[in-house]
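User: I would like to learn how to read salt bridges in a model. Could you walk me through them?

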Amino acid sequence: MNNVQVIRLSQRLFADERGWAFFPFQDFTGQTPNCDLTSLHVVRTEPGHVRGNHRHPETDEWLHLFGARALVCWEEDGCQGEALLDGDDYLLHIPAGVAHAVKNIGDGPLFLVAFRDKAVAPPHTEPAAVI
């Protein structure tokens with residue numbers, strides 16, 4: 001079983017009085033991910049709404065979440081897991097085949113920057129009811 005990793009990014013950001021910068025393709029989990037740049041996408045999710053509720057059967061996915069509190073749920077090999085994120089910057093590594101969903105439980109918008117390890121042809125997801 002390849003577990004979902006939830007990584008708090010506060011120590012990985014380059015920050016000063018202007019704000020912060022994050023370089024996701026540099027070494028952050030002990031390995032630098034192979035990334036298909038055509039998979040890179042940015043998502044804004046309004047309070048109370050859910051993104052995901054799917055799985056990527058053959059691709060790993062990384063999600064940089066920030067801006068609002070979030071509930072992240074996943075299901076892997078029949079086991080369910082969840083993480084409550086406080087609105088700080090987090091990076092999630094979701095292994096191939098793991099169902100996942102993100103719900104904005106904050107008062108403002110939740111931002112998500114996502115990328116995957118390889119290009120996939122549509123349909124690249126399978127529906128899954130995690131939240």
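Analyst: Happy to! Which residue forms a salt bridge with E46, and how far apart are the closest N and O atoms? E46 pairs with R44, with the closest N and O atoms 2.7 Å apart. A salt bridge here is a side-chain nitrogen of Lys or Arg within 4 Å of a carboxyl oxygen of Asp or Glu. This is a predicted model, in which local features need pLDDT of at least 70 and side-chain atom pairs count only at pLDDT 80 or more, while totals for chains, interfaces and linings use all residues. Residues are numbered from 1 along each chain as its sequence is written, and side-chain values use heavy atoms, leaving out hydrogens and water.

User: What lets such side chains pair, and how many salt bridges does the structure hold?

Analyst: Side chains of opposite charge can pair when their charged atoms come close. The structure holds four salt bridges. Among them is the one between D16 and R18, whose closest N and O atoms are 2.6 Å apart.

User: Which residue meets R116 in a salt bridge?

Analyst: That is E61, at 3.2 Å from N to O. Strands (E, at least two residues) are DSSP runs numbered from the N terminus, as are helices (H or I, at least four). R116 is buried, with a relative accessible area of 8%, and E61 is buried at 3%.

User: Why is β11 largely enclosed by the rest of the structure?

Analyst: β11 counts as largely enclosed because six of its seven residues are buried.

User: Which strands pair with β11?

Analyst: Two strands pair if DSSP finds at least two bridges between them. β6 and β11 run antiparallel and are joined by six bridges; W62 has F115 as its bridge partner in β11. Strand β4 (residues 36–45) also pairs with β11 in the antiparallel sense, over six bridges. There, R44 has F111 as its bridge partner in β11, and R44 is also the salt-bridge partner of E46.

Key:
Buried < 20%, exposed > 50% of the residue type's maximum accessible area, 1.4 Å probe, protein only.
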